[in-house]
Amino acid sequence: FPRTVPYALGLASVGLLPGGALGFGLLSELGLLERLSAWAALDYWPERETVGGGGHFAFGLTAASLGLYANLLRVRLAGLALCGGGMLGSLHAVVLDLEPTGPGDRLWAAARAGARLWIPEASTLRAAFGLEAIVPFTRHRFTVRDEPGDVFRQSPVALHASLGAGVRF
(Lines give C-alpha, C1' and ligand atoms only; values in the text may rest on other atoms or scores of the structure.)
Protein backbone atom coordinates (compact mmCIF):
# COMPACT_ATOMS: atom_id res chain seq x y z
CA PHE A 1 0.00 0.00 0.00
CA PRO A 2 2.69 2.65 0.62
CA ARG A 3 2.29 5.37 -1.97
CA THR A 4 4.31 8.49 -2.49
CA VAL A 5 2.87 11.64 -4.01
CA PRO A 6 5.10 14.68 -4.57
CA TYR A 7 3.36 18.01 -5.29
CA ALA A 8 4.39 21.43 -6.54
CA LEU A 9 2.24 24.07 -4.82
CA GLY A 10 1.34 27.73 -5.13
CA LEU A 11 0.79 29.32 -1.70
CA ALA A 12 -1.31 32.25 -0.51
CA SER A 13 -1.24 33.42 3.10
CA VAL A 14 -2.64 36.22 5.22
CA GLY A 15 -0.99 37.07 8.53
CA LEU A 16 2.45 35.50 7.98
CA LEU A 17 3.96 38.54 6.22
CA PRO A 18 2.84 42.16 5.78
CA GLY A 19 -0.36 42.16 3.72
CA GLY A 20 -1.22 39.05 1.76
CA ALA A 21 1.72 36.93 0.64
CA LEU A 22 2.20 34.59 -2.31
CA GLY A 23 4.81 31.84 -2.33
CA PHE A 24 5.55 28.36 -3.56
CA GLY A 25 6.22 25.02 -1.98
CA LEU A 26 6.98 21.35 -2.39
CA LEU A 27 4.96 18.73 -0.56
CA SER A 28 5.44 14.98 -0.38
CA GLU A 29 2.93 12.54 1.02
CA LEU A 30 3.70 8.97 2.11
CA GLY A 31 0.82 6.58 2.76
CA LEU A 32 1.36 4.70 6.03
CA LEU A 33 -2.00 3.01 6.60
CA GLU A 34 -5.33 3.11 4.81
CA ARG A 35 -6.46 6.12 6.85
CA LEU A 36 -3.12 7.65 7.85
CA SER A 37 -0.42 9.39 5.80
CA ALA A 38 2.73 11.29 6.72
CA TRP A 39 3.77 14.43 4.87
CA ALA A 40 6.73 16.77 4.60
CA ALA A 41 6.79 20.22 3.00
CA LEU A 42 9.20 22.99 2.10
CA ASP A 43 7.58 26.42 1.73
CA TYR A 44 9.01 29.75 0.61
CA TRP A 45 7.41 33.20 0.70
CA PRO A 46 9.62 35.88 -0.93
CA GLU A 47 10.18 39.16 0.88
CA ARG A 48 7.20 41.54 1.04
CA GLU A 49 7.94 45.22 1.40
CA THR A 50 6.24 47.44 3.95
CA VAL A 51 6.61 51.02 5.16
CA GLY A 52 6.53 51.99 8.82
CA GLY A 53 8.48 53.67 11.57
CA GLY A 54 9.99 56.14 9.12
CA GLY A 55 11.56 53.49 6.86
CA HIS A 56 11.11 50.77 4.27
CA PHE A 57 11.42 47.10 5.25
CA ALA A 58 10.92 43.67 3.70
CA PHE A 59 9.98 40.39 5.35
CA GLY A 60 10.03 36.85 3.95
CA LEU A 61 9.68 33.33 5.30
CA THR A 62 11.21 29.92 4.57
CA ALA A 63 9.96 26.88 6.49
CA ALA A 64 10.02 23.09 6.55
CA SER A 65 7.04 21.15 7.90
CA LEU A 66 6.31 17.61 9.05
CA GLY A 67 2.91 16.20 9.90
CA LEU A 68 0.16 13.63 9.50
CA TYR A 69 -3.02 13.34 7.44
CA ALA A 70 -6.09 11.58 8.76
CA ASN A 71 -7.78 10.41 5.56
CA LEU A 72 -11.55 10.95 5.98
CA LEU A 73 -12.73 10.26 2.44
CA ARG A 74 -11.08 8.23 -0.29
CA VAL A 75 -13.26 7.56 -3.30
CA ARG A 76 -12.28 7.42 -6.96
CA LEU A 77 -13.17 11.08 -7.62
CA ALA A 78 -11.79 12.75 -4.51
CA GLY A 79 -9.85 12.39 -1.28
CA LEU A 80 -10.30 14.52 1.81
CA ALA A 81 -8.04 14.59 4.86
CA LEU A 82 -7.57 16.54 8.05
CA CYS A 83 -3.94 17.51 8.54
CA GLY A 84 -1.75 18.79 11.29
CA GLY A 85 1.93 19.31 11.88
CA GLY A 86 4.76 21.53 12.93
CA MET A 87 6.83 24.10 11.07
CA LEU A 88 10.41 25.25 11.61
CA GLY A 89 12.15 27.88 9.58
CA SER A 90 13.47 31.37 9.22
CA LEU A 91 11.72 34.73 9.13
CA HIS A 92 13.80 37.08 6.93
CA ALA A 93 14.01 40.75 7.90
CA VAL A 94 15.55 43.32 5.55
CA VAL A 95 15.98 47.02 6.39
CA LEU A 96 15.99 48.94 3.11
CA ASP A 97 16.75 52.54 4.04
CA LEU A 98 17.65 52.90 7.75
CA GLU A 99 20.66 51.66 9.67
CA PRO A 100 19.69 48.20 10.97
CA THR A 101 20.48 47.11 14.51
CA GLY A 102 19.61 43.44 13.99
CA PRO A 103 18.74 42.60 10.37
CA GLY A 104 18.72 39.10 8.96
CA ASP A 105 17.03 35.83 9.73
CA ARG A 106 15.14 34.92 12.89
CA LEU A 107 14.41 31.35 13.99
CA TRP A 108 10.69 30.73 13.54
CA ALA A 109 8.36 27.89 14.60
CA ALA A 110 4.63 27.24 14.27
CA ALA A 111 1.86 24.66 14.37
CA ARG A 112 -0.43 24.16 11.38
CA ALA A 113 -3.75 22.38 11.00
CA GLY A 114 -6.47 22.24 8.38
CA ALA A 115 -7.87 20.17 5.53
CA ARG A 116 -6.65 19.01 2.13
CA LEU A 117 -8.68 17.86 -0.89
CA TRP A 118 -7.35 15.81 -3.83
CA ILE A 119 -9.10 15.56 -7.18
CA PRO A 120 -9.20 12.85 -8.48
CA GLU A 121 -8.00 10.56 -5.68
CA ALA A 122 -7.44 7.49 -7.86
CA SER A 123 -5.54 9.18 -10.69
CA THR A 124 -1.78 9.23 -11.31
CA LEU A 125 -1.97 12.99 -11.91
CA ARG A 126 -4.07 14.94 -9.45
CA ALA A 127 -4.77 18.41 -8.12
CA ALA A 128 -4.46 19.29 -4.43
CA PHE A 129 -6.26 22.08 -2.55
CA GLY A 130 -5.44 22.94 1.04
CA LEU A 131 -6.76 25.36 3.64
CA GLU A 132 -5.02 25.70 6.99
CA ALA A 133 -4.53 27.84 10.06
CA ILE A 134 -0.93 28.52 11.08
CA VAL A 135 -0.22 29.47 14.69
CA PRO A 136 3.30 30.91 15.16
CA PHE A 137 5.05 29.99 18.42
CA THR A 138 7.57 32.75 17.78
CA ARG A 139 6.04 36.12 16.84
CA HIS A 140 9.00 38.45 16.51
CA ARG A 141 8.37 42.17 17.03
CA PHE A 142 10.08 44.48 14.57
CA THR A 143 10.34 48.11 15.68
CA VAL A 144 12.30 51.27 14.93
CA ARG A 145 14.10 52.84 17.87
CA ASP A 146 12.35 55.96 19.18
CA GLU A 147 9.32 55.34 16.92
CA PRO A 148 5.93 54.25 18.32
CA GLY A 149 4.36 50.93 17.35
CA ASP A 150 5.57 47.91 15.45
CA VAL A 151 6.85 47.92 11.89
CA PHE A 152 5.64 44.31 11.64
CA ARG A 153 4.50 41.46 13.84
CA GLN A 154 2.85 38.28 12.61
CA SER A 155 -0.79 37.60 13.42
CA PRO A 156 -1.48 35.14 16.25
CA VAL A 157 -3.27 32.97 13.66
CA ALA A 158 -2.50 33.14 9.94
CA LEU A 159 -4.69 31.74 7.17
CA HIS A 160 -2.93 29.66 4.54
CA ALA A 161 -4.19 28.24 1.24
CA SER A 162 -2.40 26.05 -1.29
CA LEU A 163 -3.14 24.85 -4.80
CA GLY A 164 -0.99 22.46 -6.76
CA ALA A 165 -0.48 19.37 -8.83
CA GLY A 166 1.07 16.03 -7.95
CA VAL A 167 2.07 12.70 -9.44
CA ARG A 168 1.13 9.52 -7.60
CA PHE A 169 3.67 6.65 -7.57
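Leu82 is partly exposed, with a relative accessible area of 46%, where buried means under 20% relative accessible area, exposed over 50% and partly exposed in between (1.4 Å probe, protein chains only). The structure is a predicted model, in which local features need pLDDT of at least 70 and side-chain atom pairs count only at pLDDT 80 or more, while totals for chains, interfaces and linings use all residues. Residues are numbered from 1 along each chain as its sequence is written, and side-chain values use heavy atoms, with hydrogens and water left out.

Leu82 is located in strand β5; strands (E, at least two residues) are DSSP runs numbered from the N terminus. Together with Leu72, Leu73, Val75, Leu77 and Leu80, Leu82 makes a nonpolar surface patch of about 530 Å². Such a patch consists of residues with over 30% relative accessible area and no salt bridge, with nonpolar side chains (Val, Leu, Ile, Met, Phe, Trp, Tyr) joined within 5 Å. Areas were computed by the Shrake-Rupley method with a 1.4 Å probe.

The largest nonpolar core contains 31 residues, and Leu16, Leu17, Trp45, Phe59 and Trp108 have the most contacts inside it. Two or more residues of this core come from each of β1 (4-14), β2 (20-33), β3 (36-52), β4 (55-74), β5 (79-95), β6 (104-119) and β7 (125-136). A nonpolar core is a set of buried Ala, Val, Leu, Ile, Met, Phe, Trp, Tyr and Cys residues joined through side-chain atoms within 4.5 Å. Beyond its neighbours within four places in sequence, Trp45 is in contact (heavy atoms within 4.5 Å) with residues including Leu11, Leu16, Leu17, Gly60, Met87 and His160.

Three salt bridges were found in the whole structure, each defined as a side-chain nitrogen of Lys or Arg within 4 Å of a carboxyl oxygen of Asp or Glu. In one of them, Arg126 pairs with Glu29, with the closest N and O atoms 3.5 Å apart. Arg126 lies in strand β7 and Glu29 in strand β2, so this pair ties together parts that are 97 residues apart in sequence. Both Arg126 and Glu29 are buried.

Arg112 forms a salt bridge with Asp43, at 3.2 Å between the closest N and O atoms. Because Arg112 lies in strand β6 and Asp43 in strand β3, the pair ties together parts that are 69 residues apart in sequence. The side chain of Arg112 also meets that of Glu132 in a salt bridge (2.7 Å, N to O). Glu132 is in strand β7 and Arg112 in strand β6, 20 residues apart. Glu132 is buried, with a relative accessible area of 4%, and the value for Arg112, also buried, is 5%. Through shared partners, Asp43, Arg112 and Glu132 are joined into one network of salt bridges.

How values were computed: Helices (H or I, at least four residues) and strands (E, at least two) are DSSP runs, numbered from the N terminus. Patches are made of residues with over 30% relative accessible area and no salt bridge: like charges are joined within 9 Å, nonpolar side chains (Val, Leu, Ile, Met, Phe, Trp, Tyr) within 5 Å.
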